[in-house]
Amino acid sequence: MVFKCSSCGSCMTYDFKGDTLKCPNCGNTDNPDIEYDNKENFDLCPICGGQLNLGKYGSAVKCGYCDSYVVSDTRLGGDNTPYRIIPTTITKKEMFELLTKKFGKYLCIIPEIFSQSRLKEVIIEYVPYWVYRFGVRAVYNGVVKESVTTGNTTVTDTYNVSETWDLDMGNVPVDASDRMPDEILDALEPFDFKKGLDFKPEYLSGSNSELFNHDSDFYKEEASYKVCDCVYEFIDDRIHEKFPHAVNITDKKLRDETIINMRTLDRDYYLLPVYRYSYTFEDGKVLDYYVNGQTKEIYGTAPISKKRLWGAIAAIVTAFAGGAALITTFLMLIGGAV
Ligand SMILES: [Zn+2]
Ligand SMILES: [Zn+2]
């Protein structure tokens, strides 16, 4: 489908700040004229009939012939309808301003790299993600050594530690696009899921988007590894809280001495905003830039913080109080139990 301006006939795009479709040509926000997909040939542009570059999973794309923004109402129906979408909070122009600030050193080599004339090459992608929620039981059994030095004397104490935690870990995202590079998307996390909106097709007008490439089971293992990393981080923090002078806690020790059981409580299909821009030098070398369209995190030099990730995905932490196991059906057994 294409959202045409009822005043001048241009293609309207979604303006999240104003929460409305808006004509970039005349500024009109009134009801659009909607041209729906050609049901027999949904991969043809509803405006000019040109072949759309939708590929196997494309659900929103700009027509290469008439520049209309086409949102595929055929592809986005039924089970392929996203549950929620996180809107972008920045414009293409603001994205370039962020990049200029961060990568300004390139400007003396290639003055036009972030110039207005290149804005049209910036693409906003609504990337398909599966977002999981897991119920996790983490059991730590190990020996903690604590050393305290006073003057020339060092006293080392040894403790047997046995603790169990039940954790509810939600908002665990895994991108469901084969085309987008996983390591870059991981570096752009986290997203703030509280800002998600119920999906409407007009949100995609002006952007590129894809359907999930595989169902949620396909990505579940990847999600579980993300959760395990956060759990080890969590236990590390708990041990250091209790034993501030612990000297023998290593990543390997934590992994060897922790048993993690988890089950999937929920999973939902989201679209999350990522800006993409590539600059190609004459010798063919390519500079790629990616920006989280919500948090403005830039791919390139910004390091990922595991602590931030932990804060983002841990909803509830319940200290284990004994008694019957709360979690009886374990879909996955990871860590020391394998
Ligand atoms: Zn208009
Ligand atoms: Zn067209």
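Q: Is Asp67 buried, exposed or partly exposed?
A: Asp67 counts as partly exposed, because 13 C-beta neighbours lie inside 10 Å. On the scale used here, a residue is buried if 20 or more other C-beta atoms lie within 10 Å of its own, exposed if 12 or fewer, and partly exposed in between, with C-beta atoms placed from the backbone.

Q: And where is Asp67?
A: Asp67 sits in the loop between β5 (58-62) and β6 (69-71). Its phi is positive, about 65°, although Asp67 is not a glycine. The strand and helix names are DSSP runs numbered from the N terminus: helices are H or I with at least four residues, strands are E with at least two.

Q: Before we go on, what should I know about the model and the numbering?
A: This is a predicted model, in which local features need pLDDT of at least 70 and side-chain atom pairs count only at pLDDT 80 or more, while totals for chains, interfaces and linings use all residues. Residues are numbered from 1 along each chain as its sequence is written, and chains are lettered from A and ligands numbered from 1 in the order in which they are written.

Q: Thanks! How many helices and strands does the chain have?
A: The chain has 5 helices and 15 strands. Of its 338 residues, 33% count as buried.

Q: Let's look at β8. Which strands does it pair with?
A: Among its partners is β12 (residues 258-280), which pairs with β8 (residues 123-150) in the antiparallel sense over 18 bridges. β9 (residues 153-175) is also antiparallel to β8, over 21 bridges, whereas β11 (residues 208-210) pairs with β8 in the parallel sense over 2 bridges. Two strands pair here if DSSP finds at least two bridges between them.

Q: New topic: α1. Which of its residues are buried?
A: In α1 (residues 92-102), the buried residues are Met95, Phe96 and Leu99. They cover an arc of only 100° around the axis, so they are on the same side of α1. That arc is taken from the directions from the helix axis to the C-beta atoms. On the other side of α1, Lys93 and Lys101 are exposed.

Q: What do the buried ones pack against?
A: They pack against β12 and β13 (286-292). Contact here means that the C-beta atoms of two residues, placed from the backbone, lie within 7 Å.

Q: What about the largest nonpolar core?
A: It has 69 residues, of which Val70, Trp130, Val136, Val227, Val231 and Leu272 touch the most other members. β8 gives the most to this core, with 11 residues. Such a core is a set of buried Ala, Val, Leu, Ile, Met, Phe, Trp, Tyr and Cys residues joined through C-beta atoms within 7 Å.

Q: Who does Leu272 touch?
A: Not counting residues up to four places away in sequence, Leu272 touches Ile86, Tyr126, Val127, Tyr129, Pro173 and Phe191. Ile86 lies in the loop between β7 (84-85) and α1.

Q: Is Ile86 buried or exposed?
A: Ile86 counts as buried, because it has 24 C-beta neighbours inside 10 Å. Ile86 and Asp192 are 106 residues apart in sequence and 8.1 Å apart in space, C-alpha to C-alpha.

Q: Last one: where is the cis peptide bond?
A: It joins Glu189 and Pro190, with omega about 5°. Pro190 lies in the loop between α2 (residues 182-188) and β10 (197-198).
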